[in-house]
Amino acid sequence: MAIALVPRCLQSLPPLIFSLVSLTFATGTLANNRFDQVTADDTIAASERQAVMGISRLGLETTRFGFPVFYTPHEGKTRPFGYWSVDINQNYADTTLAENLRFVIPSRFDRLIFEGNEATVETATQVFSNLDIGQVIPELDTKTRSYRQYRNYLLDHLNSHVAPVMQEVMGTAAEARYKEMNAQEKNTFITERARQTGMPAAVLEGLVSSSYAFGFYLPELQGRMHISQVEQTRLDGSTYYVYTTSLQAPLKTRMMVFHYNGKEFTTEIQLNAVADGVFESLAQQLSGSASITTSWLPRERHAQEIFDDMFQLSFKDSSIALSTRLKEHRQYAVATPVVDPTPDQILLEVGNQEDIRVDQPFTFKRVVDSKEQSVGWSRVRQPGNSCLVLPEGERTSSQAQLLAGEVEEFDLALEHPWTGVYGRLNGTQSSTELSINDQATGAGAASLVELGFIGNLGFLLNAPSMSEVWMNFDFGLGMNSSGEDTYDYLDGSSVGRLRLGAEKRFHLGYGFYTALGADLGFEAHSFTNLNNEDKNFDLTTYNLIPRAELGYYFTPNLNFFAGAAYNQPLGTEYNEYADGTLIPHDLAMQGGLSLHAGLAFHLGFTGPFASMMSKPSGECDELRQAQLEAQTAQQ
Amino acid sequence: MNFARPNWKPKQHNNEAPSHKYQEKKKIMSYKLFTALTLVALLTACASTPESRVHPTDPPLSHQATLVESYSSSEVLIRATGMGDSMVQARNDARKAALWFALFGGNNALLSTSEQQQAFRAQEGEFWANVQSYIAHEGDILSKRVEGGQNRIERALRINISNLKSDLVARNIISDTAELSEMIANPVISVIADDPEGDARHAANVFSEYLQDRGFEVVVLDANETVDEIVQQAAALEGNIDPMYMLALQTGSDIYISIDAEVAERQVAGNRVAQSTVGATAYYTATGSQLGASSGYSEERAIAGGAALTAEAANDAADKVLGQINRSWQREIQRGKAFKVVVNASPEVGDISRNVHRLFNDICNRARRNAAGSTSFDYTLNCEGQDRAMDLLMLIEDNYQGPGQVFRVLDSGSFLIIRIGNSDSNSITIE
């Protein structure tokens with residue numbers, strides 16, 4: 001798939017408004033039956049739990065991947081080094097899938113599990129286990145196939161062995177699932193006076209006739225290995241070499257959603273963890289990389305170790321990406337009507353049961369003149385404890401803060417597909433200055449273009465204390481200013497900068513925010529001596545960069561930011577001129593103000609932050625398990 | 001807006017006094033400025049703090065509502081649409097729309113005549129302002145839309161019909177009905193289950209509970225109860241030997257409702273789902289003519305047993321039939337209450353058919369001779385001011401002119417059997 005020049009999130013920039021989704025709603029006030037008459041319609045209906053079966057086998061195109069290997073000797077040129085292969089074991093692949101399946105199937109879904117001749121249905125409050133399905137469902141084989149073949153194989157397997165028993169299995173848990181539904185019949189004769197649940201047959205038929213199976217497939221990997229020979233110096237001054245071997249081969253996992261319609265499974269959605277745009281590609285490369293350092297020149301057998309490392313993280317990142325893309329489909333995103341629209345404390349009746357994380361954005365939808373419109377958006381500051389196994393009075397709502405637009409009670413809050421990670425591009429003008437023997441030279445003011453990633457730690461770690469704390473990595477390249485007056489022979493050459501920092505954002509409403517933060521920077525400056533090229537020199541500095549920013553969100557996925565920082569060098573390192581002679585002068589970079597401005601856009605991959613992403617909350621499942629065990633013990 | 005630009009202020013040099021012309025100009029400018037500022041202030045005030053167009057005493061903007069179900073004998077569940085510039089207004093409008101529906105909408109509107117509606121209009125403000133007092137329960141908001149800048153919400157509300165009716169009576173809005181109640185009591189209704197052992201019996205109980213809570217005197221009967229021989233003979237005179245009809249005659253009800261019920265069930269994915277249907281047919285006892293019929297349905301539900309479903313269906317049927325009974329009963333009582341009167345003449349008094357016919361035409365608004373033999377006559381009478389058959393008997397005794405005397409054989413509600421002869425006897429002979 002070609003990488004688009006303009007990322008998807010930027011394609012909405014020209015109108016700078018939320019895209020409007022036109023949906024046709026029934027306009028009549030008369031509903032079909034009593035159940036419909038006392039339950040909410042599409043304009044404000046909360047989403048319902050879906051029953052999902054995660055297929056535990058990871059389909060493989062091949063079990064052996066080959067990568068071209070390149071070698072760069074110390075101070076030498078890169079050259080091809082061979083073609084190394086690694087193996088992937090089906091069990092290892094399946095285990096990795098199982099470890100990451102929770103990102104795609106968190107506790108917002110009811111889970112269906114088929115093993116041998118038994119089935120298990122896990123709802124939010126109940127577990128129906130050891131259901132005899134009267135036949136043995138054969139295991140999926142381990143043959144390698146093309147994606148199309150694997151999809152057809154899964155579909156055939158589901159329809160041949162699972163579909164015939166689905167209704168019966170789903171029927172067992174239907175009553176429990178109905179009790180967990182948002183759209184329950186309330187306040188009617190049957191529920192209040194007759195004190196019966198009285199699940200309408202139409203709802204029962206809907207519950208037993210709709211479920212999903214999620215399948216996953218790993219196509220052949222494309223990537224390369226690179227071995228670098230690096231010179232190291234011992235304390236006694238002697239040198240030795242180490243070899244850093246890295247593999248870059250991001251997984252482009254595919255996902256298939258099969259829908260069971262009461263009779264058979266059909267393919268409903270096909271997703272592909274392929275980067276959209278340069279930044280996503282870069283992010284995916286970062287999570288799809290691993291390296292080891294050895295004191296010997298590695299052999300092919302060492303590639304397997306690197307691959308296994310890389311596979312874990314990259315699969316996790318692709319699982320997160322697939323989960324995010326799945327939420328772009330309305331039926332898989334959480335929706336709930338706004339209970340309390342107080343802008344700083346909007347109450348939403350969702351929480352850990354629905355895997356709502358800290359700083360999760362929600363957009364507010366309102367039907368205006370028969371068209372659904374986005375009227376505002378917020379971020380959750382404190383996810384609620386919405387475990388359905390808890391008594392209703394003990395559940396708490398999520399608290400969100402309005403960041404832009406407006407919200408009214410009973411607007412529909414819709415989960416915004418989000419990874420918490422943005423790519424960003426900014427220009428920086430720094431007024432740092434090189435001094436030689438404590439004399440200012442006028443050289444060293446850097447003009448940089450920086451490219452980076454910034455991730456929301458509150459969301460990634462799901463930690464309320466880290467709400468709106470953002471961590472950033474930025475890499476910049478640019479030009480130095482030239483010397484002035486007596487130092488006009490110094491020509492500012494290139495400058496490079498690497499920044500690692502964090503900031504805390506404070507939202508002001510209307511899409512604006514301020515941020516206070518600081519970076520630790522590593523800068524490399526190069527200067528050219530116009531009088532004598534042999535006296536060209538480089539220096540590096542380690543900087544502390546406190547900064548303040550003002551930002552504006554055009555959409556939840558796109559924001560502008562501008563700010564001022566003070567670039568304070570903590571230390572300057574330099575050694576020798578280009579000709580190898582030691583620099584006899586005292587060089588130092590002086591601190592100075594810097595200004596920057598840029599754009600940040602949401603990424604569908606967590607990339608460099610993938611390892612930090614905590615797993616979806618299992619609190620509700622644990623609570624359910626504890627309660628069921630207590631009930632069993634009582635009996 | 002440049003109203004307050006500082007160019008109105010003249011340049012002054014060396015504290016020089018402004019000229020007269022300048023003073024005039026300044027005065028005019030000041031007026032202009034004042035006028036402009038006033039205009040701006042007014043416009044701003046109008047634009048920024050719009051006064052609500054809806055007052056608490058106003059009727060609802062929306063008249064969109066639908067009956068969900070009769071929740072209990074005193075409460076109905078209504079899904080109503082509310083409109084308003086704000087959600088607060090829309091919520092209140094939904095309450096008013098639900099109240100409006102209870103008053104004017106559906107089959108069981110409380111204000112069914114134009115007189116009642118006119119009487120209500122004169123006092124409606126207080127009802128709209130106190131709408132909250134008639135709301136027994138407010139459910140969740142069920143939909144929300146913005147149409148033409150106006151919020152529209154839908155909500156299920158339970159209206160307390162009893163309270164509402166009491167207030168309407170207290171304000172003489174439904175005084176016609178009250179007077180009628182005093183003059184002629186609500187009809188006595190027999191509810192007869194066609195299958196005493198099955199769901200129909202349960203449905204009949206729910207039906208009777210429903211009617212009793214609405215002020216009706218109700219008797220629940222089983223179809224297999226024994227019918228008195230005299231009643232059988234009297235009924236046979238007209239040729240109607242329906243046991244339910246005879247039971248109703250015997251019980252003395254004005255109206256009888258025959259109830260049948262059925263619970264249909266099937267299996268869905270291992271779950272039993274069932275739906276109950278309750279049929280109700282209402283008849284005038286005096287005439288045996290049908291005054292209404294309806295079927296009530298429960299939802300098809302996954303549920304153990306069928307009692308709750310039958311109750312749900314019976315409630316639905318009762319709600320539909322009651323509307324028919326009310327409308328028909330009000331029409332009927334305007335003609336005078338109907339009685340079935342069977343007259344048996346002893347052989348010794350000879351032919352008294354003319355005397356009886358003349359008598360009935362004199363004392364009642366309407367007398368319809370249904371069937372007659374040489375000594376037995378079956379009439380349906382519509383008489384004003386007579387509530388029970390005993391009252392009618394006394395009227396007949398007082399006004400009868402002819403041979404023999406009037407003797408009571410049986411009186412029961414709207415059913416009267418008399419014998420005219422020279423001596424009292426408990427038996428009659430119907431040819």
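1. Two residues are in contact when their C-beta atoms, placed from the backbone, lie within 7 Å. With that in hand, look at Phe207(B): leaving aside residues up to four places away in sequence, Phe207(B) touches Val191(B), Ile257(B), Ile259(B), Ala280(B), Ala314(B) and Ala318(B).

2. A word on what you are looking at. This is a predicted model, in which local features need pLDDT of at least 70 and side-chain atom pairs count only at pLDDT 80 or more, while totals for chains, interfaces and linings use all residues. Residues are numbered from 1 along each chain as its sequence is written, and chains are lettered from A and ligands numbered from 1 in the order in which they are written.

3. Back to Phe207(B) and its surroundings. A residue is buried if 20 or more other C-beta atoms lie within 10 Å of its own, exposed if 12 or fewer, and partly exposed in between. A nonpolar core is a set of buried Ala, Val, Leu, Ile, Met, Phe, Trp, Tyr and Cys residues joined through C-beta atoms within 7 Å. The largest nonpolar core has 229 residues, and those with the most contacts inside it are Ile78(B), Ala98(B), Phe207(B), Ile257(B) and Ile259(B). Helix α10 (residues 307-335) of chain B contributes the largest share of this core, 12 residues; helices here are DSSP runs of H or I with at least four residues, strands are runs of E with at least two, and both are numbered from the N terminus. A second, separate core has seven residues, including Ala443(A), Phe527(A), Leu539(A) and Met589(A). In soluble globular proteins, nonpolar side chains tend to be buried together.

4. Now chain B as a whole. Its secondary structure comes to 12 helices and 15 strands. Of the 431 residues of chain B, 43% count as buried. Among the contacts in chain B with a separation of 6 or more, 64% are between residues 24 or more positions apart.

5. Which residues of α5(B) are buried? They include Ile161(B), Leu164(B) and Leu168(B). Seen down the axis of α5(B), the buried residues fall within an arc of 65 degrees (taken from the directions from the helix axis to the C-beta atoms), so they line one face of the helix. An α-helix has 3.6 residues a turn, so residues three or four places apart point the same way. The buried residues of α5(B) pack against β2 (75-84), α2 (87-104) and β4 (150-160) of chain B, whereas Ser166(B) and Ala170(B), on the other side of α5(B), are exposed. Just after α5(B), Asn172(B) takes a positive phi of about 60 degrees.

6. Next, where the chains meet. The contact takes 41 residues from chain A and 37 residues from chain B. On the side of chain A that touches chain B, α3(A) gives the most, with seven residues. That side divides into 18 nonpolar, 12 polar and 11 charged residues; Ala, Val, Leu, Ile, Met, Phe, Trp, Tyr, Cys and Pro count as nonpolar, Asp, Glu, Lys and Arg as charged, and the others, Gly among them, as polar.

7. Strands also link the two chains. Two strands pair if DSSP finds at least two bridges between them. β7(A) and strand β10 (residues 301-302) of chain B pair in the antiparallel sense over two bridges, and Pro200(A) has Arg301(B) as its bridge partner in β10(B).

8. Strand β2 (residues 64-72) of chain A pairs with strand β3 (residues 79-87) of chain A in the antiparallel sense over eight bridges. The two form a hairpin with six residues between them, and Glu75(A) in the turn has a positive phi of about 55 degrees. β2(A) also pairs with strand β9 (residues 224-233) of chain A, in the parallel sense over four bridges. In turn, 10 bridges join β9(A) to strand β10 (residues 239-248) of chain A, and these run antiparallel. β9(A) and β10(A) form a hairpin with five residues between them, where Gly237(A) in the turn has a positive phi of about 95 degrees.

9. Last, Phe103(A), in helix α2 (residues 90-104) of chain A. Why does Phe103(A) count as buried? Because Phe103(A) has 21 C-beta neighbours inside 10 Å. Its C-alpha atom is separated by 6.6 Å from that of Lys615(A), 512 residues apart along the chain.
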